[in-house]
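Hi everyone, thanks for coming. Let's walk through this fold together, so please have a look at the sequence and the model on the screen.

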Amino acid sequence: MLERISGSLLDPDALYASNIELFHSPELRGLNLVMGFTGFADAGHVVKQINAELLDSLDARPVAVFDADQLIDYRSRRPHVSFVEDHIQDYQEPRLALYRLVDGLGKPFLLLAGFEPDLQWERFARAVVGIVEKLDVNLVTWIHSIPMPVPHTRPVGVTVHGNRPELIEGISVWKPTVEVPAAVGHILELRLVEANRNVAGYVIHVPHYLAEAEYPTAAVAGLEYLGAATSLMLPTDRLRESGRDVSRQIAEQIEASEEVQQVVSRLETRYDEKSDGIVRRSLLADENDELPDADVLGAAVEAYLARENPGQ
């Protein structure tokens with residue numbers, strides 16, 4: 001009689017093709033890994049914006065590329081193409097890949113970014129856990145976003161989960177017990193915990209009335225939380241500027257509708273009542289809940305400016 005089998009029997013390593021030279025380079029050992037998958041509850045398009053900002057702004061080198069044909073259901077999530085007069089062009093090929101990136105201070109890290117697989121979740125999870133073990137990843141962080149009944153006029157909230165208490169306590173603003181539809185990130189977190197790997201997941205809270213549009217302010221918050229957890233300086237300047245533009249547009253729309261003003265006002269009142277007296281730990285605090293001194297912050301800023309303005 002066969003024993004109960006958990007997960008796929010297929011070889012997980014056959015799900016991806018790796019850059020052999022880079023994959024086996026000592027420089028990839030012991031890095032932190034950030035993960036972001038589009039396609040699941042991406043309220044405010046937070047994951048999409050974060051992935052795009054990291055890949056566009058930082059030096060990125062592909063480490064491994066996953067086989068989309070084995071992981072995606074094209075008929076339920078059809079890629080786009082452009083029809084130009086009499087021919088087809090600009091096929092937007094689904095992509096899920098692992099990259100080596102370098103942050104603003106020259107510190108390397110890993111990014112697993114792209115579509116959430118439709119198929120073979122357990123096999124994909126085994127492949128990712130295998131990569132984490134082969135590269136001896138220090139900490140895995142992943143991010144997604146959900147719509148919440150909160151106002152845009154208050155700080156962006158987050159719920160943190162995983163097996164790193166020092167990254168959770170004092171940060172999470174919502175700690176429910178609730179059954180939710182699973183995402184591949186949840187499965188990865190479970191399998192990483194089972195493998196005794198360090199992992200933390202961040203759920204960004206997006207005002208429900210902004211969930212369908214791009215909300216850069218929430219993406220900035222996500223980058224800040226990821227950066228604080230991994231000790232990385234991640235780019236936020238362009239998203240901050242976009243956030244200011246979006247905030248002006250939101251303010252104009254609210255000003256034009258008394259009904260919307262009342263909705264936002266009720267959300268503000270509820271938010272303030274529930275958060276009254278809650279003290280949240282600063283993102284700058286270390287594992288001992290202590291803030292870095294001026295010398296540490298000054299050295300980091302100087303190093304960043306030197307990298308951004310070489311020769312000056």
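Before we look at the sheet, a word on terms: two strands pair if DSSP finds at least two bridges between them. Helices (H or I, at least four residues) and strands (E, at least two) are DSSP runs, numbered from the N terminus.

What you see is a predicted model, where local features need pLDDT of at least 70, side-chain atom pairs count only at pLDDT 80 or more, and totals for chains, interfaces and linings use all residues. Residues are numbered from 1 along each chain as its sequence is written, and side-chain values use heavy atoms, with hydrogens and water left out.

Now the sheet. Eight strands form an open sheet in the order β1-β3-β6-β7-β2-β8-β10-β9, and the pairing is mixed. At the edges sit β1 (16-18) and β9, each of which pairs on one side only. On average, neighbouring strands of this sheet are turned by 25° against each other, direction ignored. Axes here are lines fitted to C-alpha atoms, for helices over the stretch in contact, and angles run from 0 to 180 degrees between N-to-C directions.

Let me zoom in on β10. How many of its nine residues are buried? Nine of the nine are, where buried means under 20% relative accessible area, exposed over 50%, and partly exposed in between (1.4 Å probe, protein chains only). Val199, Gly201, Val203, His205 and Pro207 point one way from β10, while Ala200, Tyr202, Ile204 and Val206 point the other way.

What about its partners? β8 and β10 run parallel and are joined by nine bridges. Along that pairing, Ile143 stands opposite Tyr202, and Met148 has Pro207 as its bridge partner. β9 and β10 run antiparallel, with five bridges between them, and Thr159 stands opposite Val203.

Next, the helices. α2 lies across β2, β3 (59-66), β6 (96-102), β7 (108-115), β8 and β10, and runs at about 130° to β2. α5 lies across β2, β8, β9 and β10, at about 145° to β8.

α5 also packs against helix α4 (residues 121-134), at an angle of about 50° and with the axes 9 Å apart. The two are therefore oblique to each other; the cut-offs are under 35 degrees for roughly parallel, over 145 for roughly antiparallel, 65 to 115 for roughly perpendicular, and oblique for the rest. Residues making the contact (heavy atoms within 4.5 Å) include Trp121, Phe124 and Val128 of α4 and Ile187, Leu188 and Leu192 of α5.

In the loop between α5 (184-194) and β10 we find Arg197. Is Arg197 buried or exposed? Arg197 counts as buried because its relative accessibility is 15%. Leaving aside neighbours within four places in sequence, Arg197 is in contact with Val132, Glu133, Asp136, Val137, Asn163 and Leu192.

Last stop: α6. Its 15 residues (216-230) should span 21 Å at 1.5 Å a residue, and the end C-alpha atoms are 21 Å apart, which agrees. The expected span is 1.5 Å times one less than the number of residues. α6 is mostly covered, with 12 of its 15 residues buried, among them Pro216, Leu223, Tyr225 and Thr230. The cover over those buried residues includes β2 (33-38), α2 (46-57), β8 (140-148), β9 (158-162), β10 (199-207) and α7 (237-255).
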